Each structure stands twice: as structure tokens, then as C-alpha cells.
Amino acid sequence: MFGKRSSPGTMKPGGGLSPAPAGVRLSEPPPLTVPHLDVAAPSPPKSHSAAPDRTKSDDYFQTKSTIFGALIEAIDLSQLSKLESDAAREEIRDIVNEIIALKNLVMSIAEQEELLDDICNDVLGYGPLEPLLSRDDIADIMVNGPDRTYIEVSGKIQLTNTRFRDAAQLMNICQRIVSQVGRRVDESSPICDARLPDGSRVNVIAPPLAIDGAALTIRKFKKDKLTLDQLTKFGSISPEGAQILQIAGRVRCNVVVSGGTGSGKTTLLNCLTRYIEDDERIITCEDAAELQLQQPHVVRLETRPPNLEGSGAVTMRDLVKNCLRMRPERIIVGEVRGPEAFDLLQAMNTGHDGSMGTLHANSPREALSRIESMITMGGFTLPSRTIREMICSSVDIIVQAARLRDGSRRITHITEVMGMEGDTIITQDIMVYKILGEDPSGRLIGRHQSTGIGRPRMWERARYYNEEHRLAAALDGMEEVDDAKIA
């Protein structure tokens, strides 16, 4: 047991709990804040007449609240925070079992185990989110207030039985998540981007902006990092297309990964970075660090929001500009969404070949337009033609990712930026994805096919790095596959 409380009747002299008087529930202490733990004692849930049916009833939350209150009175949280996770769970389980026995609560073994897990998750983890975070098949967790939690599995959104006790518990968990990366979320700063220890991306928007309770969105990343070979097995790209992307990474093409929300841009960027040589110095710039690079020489930078006085903010543009003073060989920007596009293009065009970034756009042509508009909106008074010439001289390849209507994710285009004709940027598709129909279950049927170009623009760069034979084999392979399917 942990250190004894001074309040009489809470702990036995030997460290055990003394039974509470019959019919009297232990009083609940005020919220406690200790290092690495931010625990608020539960309160009974309010009834929600319009709330959907849930697996756990209000009686369950009432019982849990009673046991939780007794637990908080019985342990020393400052000592608990010093233990390893497994040891802390065992201590909590021992005390909770004793509380259940002393209060003569009638529970089945299964109910008792569920209650123990829930309380351990509340004290040591992220409460009701823990079971969802442990599942590797979930891509997104979307919490819309305390009573509704959705998940995305296999590209489809599903309603779950996960329920928070009340809005206060949900807000408490949100604060616990963002505080781990030195950020805060409250009424004065109701929007926050953060990350979990495993790199999963987190967004919180709290009341008063979120009317029905805090909205928490978690983009989970698989524990096993995806590779282009695995994307090929999933049908996201053809083997020949994957080989072209490998070559683009090796020969230091400047790559922009374009796609809509949830299309797999960051996953694809992670896959492309696997083909960077180990002896290269890489610097990443992100709003919330989520890239998972495997190389040994990586410097990870992250933006910082303003403090309570509104000062001290470090923007993405600040990071990208600072990169140029850090002797980078490649600069990777997690997401380009503002005037930092100008600095990234400058870096790509001044000896930092092989730089990469992602942006939101629905086609390669739209991606180029978005880069131009981001530079213009950043206050740069440059003629449109000058900006487009800068884009042409900086960006080599645009890789377009998409989430289709059946929930599947596909790489739909590998497109080269060729140059200018008049005031227009000329592009050339190396590979495209064609949808041919759908099967009886509603799953889309399609194939990746070559556009039949003889020699792409990246050919000379591939020759410089002795990769032209592999590039030729990939292009020939795509054409042979197309011919066979046509025949």
C-alpha cells in the first residue's frame, strides 16, 4: 500500500481500509494534480434523455464513482506517479479489490475485472479511450462530447459504445493529453494540436467553441510502420508504381504528396522517406510531430503556439527558415498550409534536393494552384509567372493520394512537373489509377496503368544516380501489364 492518509477511518493501522458505516458513501475529495497524473474524482453522471443506449448504465458509473472516491482517499498519488505502469496497476487493483470487499458490493468476476480496468485507465491512462487506442485496426477516433464516440475502421466510420462519465471527465483527459507536450486547452485557448507518445496526432476543440462538449480527434498510427511493399499488397499502388516512387526517393527528386483529409498523405510520406540514405542529414518541420523516420541523422522540429500573453509563438515558416541555417541535406515539412510554401520552394531550389512535403488538394493540378495561392496569401508581391517559374524549378513530382467512396485508399497519380508554356505550368502523368466498376459488395474495382510516356523528365536524374535501368524496367513493366489486360 501507499502512504497513509491522515484522515481517520480511511486506512487501517497496517495499511488496509477500515469499513465505512453501512449505507454511507465515502465523500469525494476535490480534484488532485500531481506529477504525470491529473486525476479528478468522478461525479455521478447526469441523465441524458436523448442519449443513445450504451453498454454501461448509470448505476455502473455510480458504483465506479463510489469506489473511485474511496481509492483516491486510500492512496498517495505522488508515490503512485513514481512507479512503473505495471506496478502501479497492481497496487490500484489490490486496493480496489479491498474496497469492493469492505463495501460488500455484489459483482461477478467479469464485472469486477471490467471495473478494475476502467479505474486503472482513469488513473494511469486516458480513461475510456484506452481500449480504442490499443486496437491497431482503428485509423481515427472521433469524440463528439461525452456521449458519442466514433471510430474509423477500414475506411468506414462506426459509432461505438464508448462513453465518458460526463463533460468534465472528457475535458480532464483532453488536458492530460495536451499537457504532455507542453500545451494547454481551456476557455482562453480552446483549440489545440498535440500528439500522443506513440506519435498519433491529436486535435482538441473545447467549449465554448464546441457547444456540446469538447471535441477530440485522434489520428492513430499503426505500431508496425507501413512500407511501399505493404501498400502494394493492399492494392494502394502497383508494384511498378512503387518502384518508381522508390527511385524518386533515391535520386533526390523534390516530392509533394497531395491528397484530401484522411487519404493517407502522412503514411505515404513516411513510406517515401525509407529510401533516403542513412548518411544524409534530414530536418523535419511539423505542427505536431508525427513523422516516423528510420534514418539515424534526423532533427525533428515542432511549432509552438503563443503563451497566455499572446507571445512566444513559433510558426512553421520560422522553422523552415531556420532549417536553412542547420546544414540540412533534405527538409521534410509535415504539412504545407501557408506562407512556408515559399521558403520550402526556396530550399528545394537552393541545393536541398530530395525535400518533401504534403498539402491538401484533390488533384496534381490543384496542388500546384494551392502552392501558388499559399505564396500569394502570405503577402509576397511577386508576379504570378514568377511564382509559377519558381514552382516548376523546385517541384519534380506530385504524388496524389485519395480515399475512395468505398473507404479504400489509392495512389491515383504520379505526376511530373515539366516546365512552363507561356504562363501555364505543364505536367505529365507517369501513372494513373482508373476505376473500372464495383463488385457486388460495393467495393470499387480499378487498376493502376501507365500513360505510355517514353522517357520521363526524371530520366537524367536517374542516370546520374545509376538508377536508369530500374526506372526503365518499371516503365516497361507497367506497359506490359496494360497490354496483357487489354489483350
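Visitor: Let's start with Glu 372. Is Glu 372 buried or exposed?
Guide: Glu 372 is buried, at a relative accessible area of 13%. Keep in mind that this is a predicted model.

Visitor: And what does Glu 372 pair up with?
Guide: Glu 372 makes a salt bridge with Arg 388, 3.0 Å from N to O. Glu 372 sits in helix α12 and Arg 388 in helix α13, so the pair ties together parts 16 residues apart in sequence.

Visitor: How accessible is Arg 388?
Guide: Arg 388 has 23% relative accessibility, which counts as partly exposed.

Visitor: OK, new topic. How many salt bridges are there in the structure?
Guide: There are 23. One of them joins Asp 140 to Arg 219, with the closest N and O atoms 2.6 Å apart. Asp 140 is in strand β3 and Arg 219 in strand β8, 79 residues apart, so to speak distant parts of the chain.

Visitor: Which of those two is buried?
Guide: Asp 140 is buried, at 5% relative accessible area, while Arg 219 is partly exposed at 22%.

Visitor: What does Asp 396 pair with?
Guide: Asp 396 meets Arg 461 in a salt bridge, 3.7 Å from N to O. Arg 461 belongs to helix α14, and Asp 396 to the loop between α13 and β14. Asp 396 is buried at 14% relative accessible area, and Arg 461 is partly exposed at 24%.

Visitor: Last one: which residues does Glu 152 link up with?
Guide: Glu 152 is part of a network of salt bridges with Arg 403 and Arg 409.

Note on methods. Residues numbered from 1 in each chain as written. Predicted model: local features only at pLDDT ≥ 70, side-chain atom pairs only at ≥ 80, totals over all residues. Heavy atoms only, no water. Salt bridge = Lys/Arg side-chain N within 4 Å of Asp/Glu carboxyl O. Helix = DSSP H or I, 4+ residues; strand = E, 2+ residues; numbered from the N terminus. Buried < 20%, exposed > 50% of the residue type's maximum accessible area, 1.4 Å probe, protein only.
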